[in-house]
Amino acid sequence: MKQKTVKNILIGIIWSLLSFLIIFFSVLGSADKAVDDVLYHHAGTPDSRIKIIKIDDRTMNQLGDYSKWDRDIYARLLETICVSEECRPAVVGFDVLFSARKDDESDQRFADACGKYNNVVVGRAYVFKNEVTSDPDGNLVLNGMAVDEIIEPYPELKEVTSQGFVNAIMDEDDSKVRSAFIYFDEDNGARKKSFNATIYEKYMESLNTEASYPTDKSVMSFRYSGNPSEYENVSLIDVLDGLIPPEAFNNSIVLVGVYAAGMMDSYLVPVTNAGQMYGVEINANVIQALLEGKALNKIPVIIDCIIAALVVLALVLICDHLSVINVLIVCIGTAVIKLAAGFFLFRAGYSGNVTVLPVFTILIAAYYIVLHYYRARAAKRSIEKAFSKYVAPQVVAEISKDGSYELKLGGEKRDVAVLF
């Protein structure tokens, strides 16, 4: 019995060590994120304070390719929705790069319109490159975020607006957008805020409230609040044509951005597998996450590893003494508890490994079901071998039918034929 216990403990240690290493080295990284998306990443309720004015196909059918517009169109848009100090958006964010000059007169008109109300945020962008640098210990490392170029708004516009960089972060495993920049520290030590963080701070300023970030890190993982097309959105041409009253945007966060297929501004997101989400919609989700503190904090990987290893070890030690039915109950129950705990942790703003522990409960259940079957077969063969030394094979076959290997005292009455 002691030898069997030691063997079971060694098996448990091997199983738990394997689960530890799989989580630590993120062996199931892509699969884990896919399961996490299906189980936990469900959009909530979009914030009615955030509204999107979309540069869509209908707008471009009437005004032409937006990349060729002069700045009069944007100036007219601002003048249409900002009618007075009492009726205007709290913040207007243009998810558009206004780097190259188009026409001096229209460029200046747009800059004047932006400066009139001091509530406009425009985009800037970094062009990153790979660069070999030295870490604090003197080791050579590859820096994939070395700044090669900074795309800024033209000078007159930069002077009268706030700017934030619009670079998106796509997951290296599946290219989905699960995180967003809050700030970026340039080589000269200057800390620059992202487009969404700048809009968030501008909006909180309009409420006379200090901005409070849910994380102090430069990158924030976040929970989505809206699916594609769920945020209140209107066509830019409808606004210019006066079909949307300016009161609809009063005290709101207004985002202006591309909302048309083929414009290279749509991304894969965890809340839907049916298609992509436009960049301006992702910005809306990030801003709402900042407003509501819906950041996702990663559970330290070492804690994830230790919890999984301990649970796996406990399962192995327990299941060795259980029947097949009880093994199934314990393993299925453990998997359900793990997934349920993951759901509540996700809602509380924490994410961790989802798949390893449920997968191991399935493997452990399968292992012990097979082991029980093997042990039963081995015991049967052993008993049959022992009986066959004393009785005929036909008798052994008869008494082993129900698996009890019992003989009844007094015998049985049967009709038989005996030949001499």
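The model is predicted, and local features need pLDDT of at least 70, side-chain atom pairs count only at pLDDT 80 or more, and totals for chains, interfaces and linings use all residues. Residues are numbered from 1 along each chain as its sequence is written, and side-chain values use heavy atoms, with hydrogens and water left out.

Begin by selecting helix 2, residues 29-39; helices here are DSSP runs of H or I with at least four residues, numbered from the N terminus. Within helix 2, pick out Gly29, Asp32, Asp36 and Asp37, which are its buried residues, where buried means under 20% relative accessible area, exposed over 50% and partly exposed in between, with a 1.4 Å probe and protein chains only. Looking down the axis of helix 2, you will find these buried residues within an arc of 135 degrees, so they line one face of the helix; the arc is that of the directions from the helix axis to the C-beta atoms.

Lys116 counts as exposed because its relative accessibility is 60%.

Finally, turn to the cysteines: how many disulfides does the structure hold? There are zero, a disulfide being a pair of cysteine sulfur atoms within 2.5 Å. Select Cys114, and the nearest cysteine sulfur, in Cys82, is 9.0 Å away; Cys114 is buried, with a relative accessible area of 0%. Then select Cys319, whose sulfur lies 3.9 Å from that of Cys331, its closest cysteine sulfur, which is too far for a bond.

Key. Helix = DSSP H or I, 4+ residues; strand = E, 2+ residues; numbered from the N terminus.
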